[in-house]
Amino acid sequence: MREIQEGLVKDGLARPNELSDGNEASEELSKMTSVLPTMWLGSQNGSVFVHSAVSQWRRCLHSIQLKDSVLNIVHVQGRVVCALADGSVAIFRRGPDGQWDLSKYHTVTLGLPHHSVRSLAAVYNKVWCGYKNKIHVVDPKSLVVLDFWNISMYRYFEFSDIEKHIDTYIMHNTAKKYILDITHLSKLKCSLFSHVQGRVVCALADGSVAIFRRGPDGQWDLSKYHTVTLGLPHHSVRSLAAVYNKVWCGYKNKIHVVDPKSLVVLKSFDAHPRRESQVRQMTWAGDGVWVSIRLDSTLRMYNAHTYQHLQDVDIEPYVSKMLGMYTFCSCVTIRTLLAETIISPFGW
């Protein structure tokens, strides 16, 4: 059995029925892959799927049906926290044998089910949850809400993202909250943040990015910021990716590479030939940057140093093959990307 497990982890190509015909061996294989690093996937219908991050990637190790859509997933303190569309978060933990136990989970309700928990961020050993105009700080081990406060005076304001580097933060050993007000930026509609080289870059809805830096006293000085315009205000900067010490910005069908220290655009190139296309997601792994286009099933990879287009990968045939008879729509699009070289040199 040891040889079987070692071979599986090494190449990830062998199928379960090729490894052993015994039920005992299959059970040991499932336990092994669940104990090792995993990848969690959430769906709009409330399903959560757990796959191995090291081998046999197409095999679903665990799955569960939650009561509403899964909007975000984070891992902190050995727990997995899922943000749901009914205003609650589901918290999962491993069982005594080291496997993820999806049958026993705890739900923390943050508000009425009319609004969703739209964003999550792992901050130190806590989870910050964005619900309507509030931030709730949840301890995933004690399963309680430690603190919550209004981040905006408008009740119908909702977060699109939480970034621990700017805006609002709790000092590590105190309970005092410091609010950095950026509401004086009348055209600021932040959908994405990126932190690189000691700068925070905010993607704006008017086709520009705002770059913030700390003042001489070490505090963030939001009154002095620099704006880099990438295009006309009819389109938004829809995606950001910190690549080495630069920031890649997706604007329409183009990618602009910005140096947050010199405040200049170093390189601009087309990610798609159609001008009406929109760069949707970008993720960086090693020397490659993966890019997805809105309403397109093809992943594009670029060299992180030379910006050269390296290859295209159309995922629609693979998705159709995996789903088979359960495919409800022939249109396959890419909604999110993740590349984590710590657990696996592959992209999800």
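Q: Asp-270: what does its relative accessibility count as?
A: This is a predicted model. In it, Asp-270 counts as partly exposed, because its relative accessibility is 44%.

Q: Which residue forms a salt bridge with Asp-270?
A: Lys-254 does, and the closest N and O atoms of the pair are 2.6 Å apart.

Q: Which parts does that pair tie together?
A: Lys-254 belongs to strand 20 (residues 254-259) and Asp-270 to strand 21 (residues 264-270), so the bridge ties together parts that are 16 residues apart in sequence.

Q: And Lys-254, what does it count as?
A: Partly exposed, at 33% relative accessibility.

Q: Why can side chains pair like that at all?
A: Side chains of opposite charge can pair when their charged atoms come close.

Q: How many salt bridges does a search of the whole structure find?
A: The search finds four.

Q: Ok, what about Arg-274, which side chain does it meet in a salt bridge?
A: The side chain of Glu-276, with an N to O distance of 3.7 Å.

Q: Switching to Arg-300. What does it form a salt bridge with?
A: With Asp-296; the closest N and O atoms are 3.5 Å apart.

Q: Are Arg-300 and Asp-296 buried or exposed?
A: Both residues are buried.

Technical notes: Residues are numbered from 1 along each chain as its sequence is written. This is a predicted model: local features need pLDDT of at least 70, side-chain atom pairs count only at pLDDT 80 or more; totals for chains, interfaces and linings use all residues. Side-chain values use heavy atoms; hydrogens and water are left out. Helices (H or I, at least four residues) and strands (E, at least two) are DSSP runs, numbered from the N terminus. Buried means under 20% relative accessible area, exposed over 50%, partly exposed in between (1.4 Å probe, protein chains only).
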